Amino acid sequence: MLACSPQLNVTILLQPQVAAWALGRGPLAKPQLPFRAFLAFLAAPAQPAVRPGRPTFAPSLPVAATKVVCLAATAHVLACHALPRWLEGVLQSVALFLFTSLGMEGAALVAMLLSGGGPVLAAFDRPYLSTSLSDFWSRRWNVVPGLQFRAALYDPICGLPPAGQTTAGSTAGRPHPPPALWRRLLGLTAVFAASGAVHELAHWYLTYHFSGLWMAFFCLQAPLLLIEAWLHTLCRQARIHLPRIVRTAATLLLLHCLAARLFYPDMVASRAPARLLQHWWPSALGPSICAPAALRG
């Protein structure tokens, strides 16, 4: 997800968190969460690490410094060199990843300090190693808003109970029966449409007009995830197991192809990461970074 002004970013990221809490869902609704931690995570776009097996945030000054250096280098290349549009799109995405991960790590650090040092969920987990679309969106790429949207939208639409609770269709110790296909499609579409709306709002904030393509990029993920699950079932039934490197390459290639058609063009045209960097770091990057390289000679 994009990050704009501090006020807009925090407001956007807290909406699903508050909605999930109001519905009695999500980690903030857990009674064992201390009140201090509740206030900390309610005030910051971060999430407590309550699910086993998910990576937790660990502050690291060398890692943060490396990301800052890489971000500055990427911004310099984008600002000072005329590049092919596909390469400019890739570098804009790299800059966006570095910028967003630094912002989410800063929010995680604030939440950790305010909550008394409790574990905080890591927002990113090496997305370049994703082996599927499901792996990318649910476990590796900015999972904090994804989990919040799931608790506020997907689970209620699919009739799934909050974590740790059971319904008439399930018993203690047994998983809830899978939702119907139409419910899954509707729930996934709602989640990605909400994420697309957030990105469209960020695009409007930077350019004063909506993209439309960014919404299409996110809404396409819902049917693609269901198709991927169906293909996974077929491969399992046929006892076909693709090597991890093949699955990773196919996932990244698919995401790149979709982004090249639906995400990169407007990101390159609006120079979104450059504008964000100019907003947050004007003295270091200078006013020329938001001008296309061709106009700077």
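1. Let us start with how the chain folds back on itself. Among contacts in the chain with a separation of 6 or more, 72% join residues 24 or more positions apart. Please keep in mind as you look around that this is a predicted model.

2. Next, the overall make-up. The chain's secondary structure consists of 13 helices and 0 strands. Read from the N terminus on, the elements run α-α-α-α-α-α-α-α-α-α-α-α-α. The chain has 297 residues, and 43% of them count as buried.

3. Helix H3 covers residues 61–80 and helix H4 covers residues 85–114; their axes lie 9 Å apart, and the two pack at an angle of about 150°. How do they run relative to each other, parallel or antiparallel? Angles over 145 degrees count as roughly antiparallel, and H3 and H4 are therefore roughly antiparallel to each other. The crossing in which H3 passes H4 is left-handed.

4. Now look at what sits between those two helices. From H3, the contact is made by Ala 64, Lys 67, Val 68, Cys 70, Leu 71, Thr 74, Val 77 and Leu 78. H4 brings Glu 88, Leu 91, Gln 92, Val 94, Ala 95, Leu 98, Phe 99, Ser 101, Leu 102 and Glu 105. By class, the contact of H3 with H4 has 12 nonpolar, 3 polar and 3 charged residues.

5. Compare this with H6 and H7. Helix H6 (residues 143–158) and helix H7 (residues 181–207) have axes that come within 8 Å and cross at roughly 155°. Here too the cut-off of 145 degrees for roughly antiparallel applies, so H6 and H7 are roughly antiparallel to each other. Which hand does the crossing of H6 and H7 have, left or right? The crossing of H6 and H7 is right-handed, whereas H3 passes H4 in a left-handed one.

6. On the H6 side they are Phe 149, Arg 150, Leu 153, Tyr 154, Ile 157 and Cys 158. On the H7 side they are Arg 183, Arg 184, Leu 186, Gly 187, Leu 188, Ala 190, Val 191, Ala 194, Ser 195 and Val 198. The contact of H6 with H7 divides into 11 nonpolar, 2 polar and 3 charged residues.

7. For another kind of packing, turn to H5 and H10. The axes of H5 and helix H10 (residues 244–262) cross at roughly 80° and come within 9 Å. That makes H5 roughly perpendicular to H10. In H5, Leu 133, Phe 136, Trp 137 and Arg 140 meet Arg 244, Thr 251, Leu 254 and Leu 255 in H10. Sorted by class, the residues of this contact of H5 with H10 are 5 nonpolar, 1 polar and 2 charged.

8. A word on cysteines. How many disulfides does the structure hold? The structure holds 0 disulfides. Cys 70 is partly exposed, with a relative accessible area of 36%, and Cys 257 is partly exposed at 40%.

9. Gln 47 is found in the loop between helix H2 (35–43) and H3. Is Gln 47 buried or exposed? Gln 47 has a relative accessible area of 6%, and since buried means under 20%, Gln 47 is buried. Leaving out residues up to four places away in sequence, Gln 47 touches Gln 17, Pro 27, Phe 41, Val 120, Leu 121, Val 144, Leu 147 and Gln 148.

10. Leu 114 is partly exposed, with a relative accessible area of 45%. Not counting residues up to four places away in sequence, Leu 114 touches Arg 36 and Ala 40.

11. Finally, two backbone angles to check. Most residues other than glycine have a negative phi. Arg 126 is not a glycine, yet has a positive phi of about 45°; Arg 126 lies in the loop between H4 and helix H5 (133–140) and counts as partly exposed at 45% relative accessibility. Asn 142 also has a positive phi, near 40°. Asn 142 is placed in the loop between H5 and H6 and is buried, with a relative accessible area of 4%.

Conventions
Residues numbered from 1 in each chain as written. Predicted model: local features only at pLDDT ≥ 70, side-chain atom pairs only at ≥ 80, totals over all residues. Heavy atoms only, no water. Axes fitted to C-alpha atoms, helices over the stretch in contact; angles between N-to-C directions. Helix = DSSP H or I, 4+ residues; strand = E, 2+ residues; numbered from the N terminus. Parallel < 35°, antiparallel > 145°, perpendicular 65-115°, else oblique. Left-handed = near helix turned anticlockwise from the far one by under 90°. Contact = heavy atoms within 4.5 Å. Nonpolar A, V, L, I, M, F, W, Y, C, P; charged D, E, K, R; others polar. Disulfide = S-S within 2.5 Å. Buried < 20%, exposed > 50% of the residue type's maximum accessible area, 1.4 Å probe, protein only.
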